Amino acid sequence: MKNKYNIEKDMRYLELLAKTFPTVAEASTEIINLQAILNLPKATEHFLADLHGEYEAFQHVLKNASGNIKRKVNELFGISLRESEKRELCTLIYYPEQKLELVKDTEKDINDWYHITIHRLVAVCRDVSSKYTRSKVRKTLPSDFSYIIQELLDERSEDINKAAYINVIIDTIISTGRADDFIIAIANVIQRLAIDQLHILGDLFDRGPGAHRIIDLMAQYKHWDITWGNHDILWMGAAAGNNSCICTVIRLSLRYANLVTLEDGYGINLVPLATFAMEHYDQDPCTEFIPKISDPNSHIDEKTIRLTAQMHKAIAVLSFKLEAQLFDEHPEWNMQDRKLLDHIDYKKGTITLGGKEYALTTCSFPTIDPKHPNMLTPEEQDLIKKLHHSFSVSEKLQKHMKILLAHGCMYGIYNNNLLFHASVPLTDDGKLKEVEIYPGNTCSGIGLMKEIGRLIRSAYQSDASNEEKKYAIDFFYYLWCGANSPLFDKNKMATFERYFIAEKETHKEQKGNYFKFRDNEEVCDYIMDSFEVTGDNRHIINGHVPVHVGDGENPIKANGKLMVIDGGFSQAYHKETGIAGYTLVYHSRGFQLVQHEPFTSTKDAIERGTDIKSTTQIVEMSSNRMLVADTDIGKELRSQIADLEELLYAYRHGFIKESENRK
């Protein structure tokens, strides 16, 4: 018989594989198992973007699986339960600990309630677990109740012979006082199984108060990834020691009166900044720097607002000085024109931009020497030194940055979907643009993304050369505001103009060519081709630029080839976009875009059973249900099957001997 495998070439690998599957029986069993998995329905993927610190809303979307749990409850119980009962059941699944406390305060026959509720929860759990192998479900189960939940999931009360068995299990759970613990456990299992893979398309930070809590929550999940956004990169740069990033992180926090993440989350000491600001800006009204407060429930007194504005201006001026020094140090960035303090006539109170003179809204700059506007005062040098130290020694901040590095990248390709936060820089004719990363070193498209990703990681590597590491740390700021940065892709960041110039024409930031071409199907196909994204149903999925639904903008572009899922998750964007964010759901039947209305509060959700009101738009549905075989995991499983079949051939033709003792 002709050898259809190159056994001699693969012997070392097959010998290693044989240690895991030492007999024909075990290798055959694994092939059967993998072939069966290929025919399971594709698990559900969720895509979210631009969370901007909105922890409560994000947590709720995770808990309700973007409305997926509510949909399953409706399908399972239909008209057999009243709407109020289905709502109560959903709330119990989302917030089991808190809801149980409320139920026990009002329920007269708690044992009867336990019995009915556990049956219902088991039914929901059985439904959400039906896409997975028993092995995968088993790994999700808490050790305390693993065996019991498996038994309840495998048996059905319709089976008369097993009905008594199931009832006894539930009765015993109740009689031994474990009902609360069991309900909490199975509710958490339902939440986890409702979402198999979570993709976050960047921008966890800024504006909202809970970015640190979002990362704490994500650290508990196994299957998630993030494509870094410009705001994530800003914080990563600050944690790595980039002083311009540090100032900008603080400036944005003060701009939105949100110091929770900085102070409570990461223990950043802002007392030196407050002291400096009160000393130098005591007589300055700092009108341009009054914080933007988007939370209607926020109660900040006038004294705090005044101090926040002073700190805001102090850190902004320091930031303008530091970035100018950085632009001088890196002329290859072509950003010297953004050294705007050089363009001010401090006597006249004007600035000249593009050959035109504009009056400044204020010319109160007590820390600026007009002859050397970008030079730090001794007090500013001392201040940035203290702030730098505070960021570098924050254990939790450094830990969270490592989590973002471990789960993150500049782009991702999952099941024929190309994910990145903002853009791929393009030329005026829609071709990939060559971008200079290092002096004399240019790249484009996927090469650009890979090189930036490598550079970001080198900023955190102890074995990187001092020169490379320093450049990598500096480059974080270019990624934040550089014209050719795939995370920014605008001609300028008009921060100074928005603060100090009334004329709106100076505030305009011209978007890069990607945003001009992203509704062009041919260009989207060209980009996906360049990233080697294949398949009939392939897509680009982005965030970064909020979709103005209220103005009639459609998040689905390029004839369905591109989806923009930044709908304004942050409260600061709600008035601008008209909604409160999107979740893209990709299940075995296809894509659904879930449009969310603002989340009231966790308290309302628990006490009143309120849920995020969501509208589901069918983006792309398939007549044939997608299977695991149709996914990236399916490709990997087929490869494993091929390897195991080669091992079987090696066993049966004497190339390798079976051994019960190999393990």
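The structure holds 24 aromatic pairs, where rings of Phe, Tyr and Trp (its six-membered ring) pair if their centres lie within 6.5 Å; planes under 30 degrees apart count as stacked, over 60 as edge-to-face and the rest as tilted. The model is predicted: local features need pLDDT of at least 70, side-chain atom pairs count only at pLDDT 80 or more, and totals for chains, interfaces and linings use all residues. Residues are numbered from 1 along each chain as its sequence is written, and side-chain values use heavy atoms, with hydrogens and water left out.

A pair of aromatic rings is described by the distance of the centres and the angle of the planes. Two of the pairs are set out here.

| Pair | Centre to centre | Angle between planes | Type |
|---|---|---|---|
| Phe327 and Tyr477 | 6.3 Å | 35 degrees | tilted |
| Phe420 and Tyr514 | 5.8 Å | 65 degrees | edge-to-face |

Phe327 belongs to helix H17 and Tyr477 to helix H21 (residues 466-481), so this pair links distant parts of the chain, 150 residues apart. Helices (H or I, at least four residues) and strands (E, at least two) are DSSP runs, numbered from the N terminus. Phe327 has 1% relative accessibility and counts as buried; Tyr477, at 3%, is buried as well. Buried means under 20% relative accessible area, exposed over 50% and partly exposed in between (1.4 Å probe, protein chains only).

Phe420 in strand E9 (residues 417-420) and Tyr514 in helix H23 are 94 residues apart, and both are buried. One aromatic cluster is formed by Phe289, Phe320, Tyr346, Phe365, Phe496, Tyr499 and Phe500.

Phe365 also has Lys313 over its face, at 5.5 Å from the ring centre. The charged end of Lys42 sits over the ring of Tyr586, 4.0 Å from its centre. A charge sits over a ring if NZ of Lys or CZ of Arg is within 6 Å of the ring centre and within 35 degrees of the ring normal.

The largest nonpolar core has 186 residues, and Phe58, Ile250 and Ile456 have the most contacts inside it. Helix H17 (residues 302-329) gives the most to this core, with 11 residues. A nonpolar core is a set of buried Ala, Val, Leu, Ile, Met, Phe, Trp, Tyr and Cys residues joined through side-chain atoms within 4.5 Å. A second, separate core of 22 residues includes Leu17, Leu34, Val628 and Leu647.

Glu509 lies in the loop between helix H22 (495-500) and helix H23 (513-517). Glu509 is buried, with a relative accessible area of 17%.
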